[in-house]
Amino acid sequence: MKKIIVTGGSGKAGKATIRELLSHNYDVFNIDLKNRRKNFVPFYKQDLENFQDSINTISEINKKTGGIDGIIHQAAAMGMKSEPTFRINTVSTYNIFQISKILGIKNIVWASSETVLGLPFDTYPTYVPIDEEMPLSPESSYALSKILSEEMARQFCRRNIDMKIFGLRYSNIMEENDYKHFETFQKDPLKRKWNLWSYIDSRDVGLACRLAFESKQKGAQNFIIAANDTVMVTSNKELLDSVFPGVIVKKKYSKHETLLSNQKAKNILGFEPQYSWRKLDK
């Protein structure tokens, strides 16, 4: 049985990740500040900004289990424009990478973000659909913390060629109960233009994490994780003509296809989103 630590396992992404891992017979341990949700896995309260306490906690789990196979790092501060957000995210992510290196934990998956792509798109996106090749444009302290963490991942893997650190650039995470609000988006395309009308179901976040963890590739890579479709009934052409007229179109897209391309995750991880708000019973 594979043994995995999930940081931030009490949050939306963490909870879904733990459920996915448990359903595939992983042994899971949750590290978080609060145990808000019942995940039915061992819980360790830990502030990941504190390096010494964090390495003590992770070392304890590592010793008890006979060796942790990997860490899925979901813990993060979410405020968009605050110094604490930047500090918490960069320091805690560095600590996870460094502790993993020290303890010989070579398989890390972590939560990056769609925000690195230029959200909230107050200026035109460089092109659509957006993919991992687009130049990064942080517009918040949160986004900047994620970009710096992506660079940290590259440098850790450069110096430790047997490590794998995969960053998942999640789109706006939705739980099934959130879909009832989608009707409020439909009359005004500006309400959701900030992320090109994209989203990802939390259950598909869990799936993406498991597939990224199970990948045999090494090194640092980043993947956009988005649903196959947009949040809108209006077609992409109408949306773009209305909000971003004349934007460069890099490749053809279908009527409601996500404009945050998930093709790299499909090609390399075998990721195929299973959930869509359009499939719900009305």
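**Calls and cut-offs in a predicted model**

Modeller: Asn25 lies in the loop between α1 and β2. Keep in mind that this is a predicted model.

Colleague: What is the phi of Asn25?

Modeller: Near 65 degrees, a positive value in a residue other than glycine. Most residues other than glycine have a negative phi.

Colleague: Leu196 has a positive phi too. Where does Leu196 lie, and is it buried or exposed?

Modeller: Leu196 is in the loop between β7 and β8, with phi at about 55 degrees. Its relative accessible area is 0%. The limit for buried is under 20%, so Leu196 is buried.

Colleague: The loop between β7 and β8 also holds Lys193. What makes Lys193 count as buried?

Modeller: The value is 15% relative accessibility. Buried means under 20%, so Lys193 counts as buried.

Colleague: Which residues is Lys193 in contact with, leaving aside neighbours within four places in sequence?

Modeller: Pro120, Phe121, Asp122, Val243 and Phe244. Val243 is 50 residues away from Lys193 along the chain, yet their C-alpha atoms are separated by 7.6 Å.

Colleague: Pro120 is in the loop between β5 and α4. What kind of peptide bond joins Leu119 and Pro120?

Modeller: A cis bond, with omega about 15 degrees. Pro129 lies in that loop between β5 and α4 as well. The bond from Val128 to Pro129 is cis, with omega near -15 degrees.

Colleague: Back to Val243. Which residues of α6 are buried?

Modeller: Asn236, Leu239, Leu240 and Val243, in the helix spanning 236-243. They cover an arc of only 90 degrees around the axis, which puts them on the same side of α6.

Colleague: Now the sheet. What is the strand order?

Modeller: β3-β2-β1-β4-β5-β6-β9, an open sheet of 7 strands with parallel pairing.

Colleague: Why do β3 and β9 stand at the edges?

Modeller: Each has a single partner strand, so one side of β3 (43-45) and of β9 (219-225) is left without a neighbour in the sheet. From one strand to the next, the twist averages 20 degrees.

Colleague: How many bridges pair β5 and β6?

Modeller: 7, in the parallel sense. Ala111 stands opposite Leu168 in β6.

Colleague: Which strands does α1 touch?

Modeller: β1, β2, β4 and β6; the direction of α1 makes about 165 degrees with that of β1. Helix α5 lies across β1, β4, β5, β6 and β9, at about 160 degrees to β6.

Colleague: At what angle do the axes of α1 and α5 cross?

Modeller: Roughly 60 degrees, and the axes come within 8 Å. The crossing is right-handed. Among the meeting residues are Ala13 and Ala16 in α1, with Gly206 and Cys209 in α5.

Note on methods: Residues numbered from 1 in each chain as written. Predicted model: local features only at pLDDT ≥ 70, side-chain atom pairs only at ≥ 80, totals over all residues. Heavy atoms only, no water. Pairing = 2+ DSSP bridges. Helix = DSSP H or I, 4+ residues; strand = E, 2+ residues; numbered from the N terminus. Axes fitted to C-alpha atoms, helices over the stretch in contact; angles between N-to-C directions. Contact = heavy atoms within 4.5 Å. Buried < 20%, exposed > 50% of the residue type's maximum accessible area, 1.4 Å probe, protein only. Arc of directions from axis to C-beta. Left-handed = near helix turned anticlockwise from the far one by under 90°.
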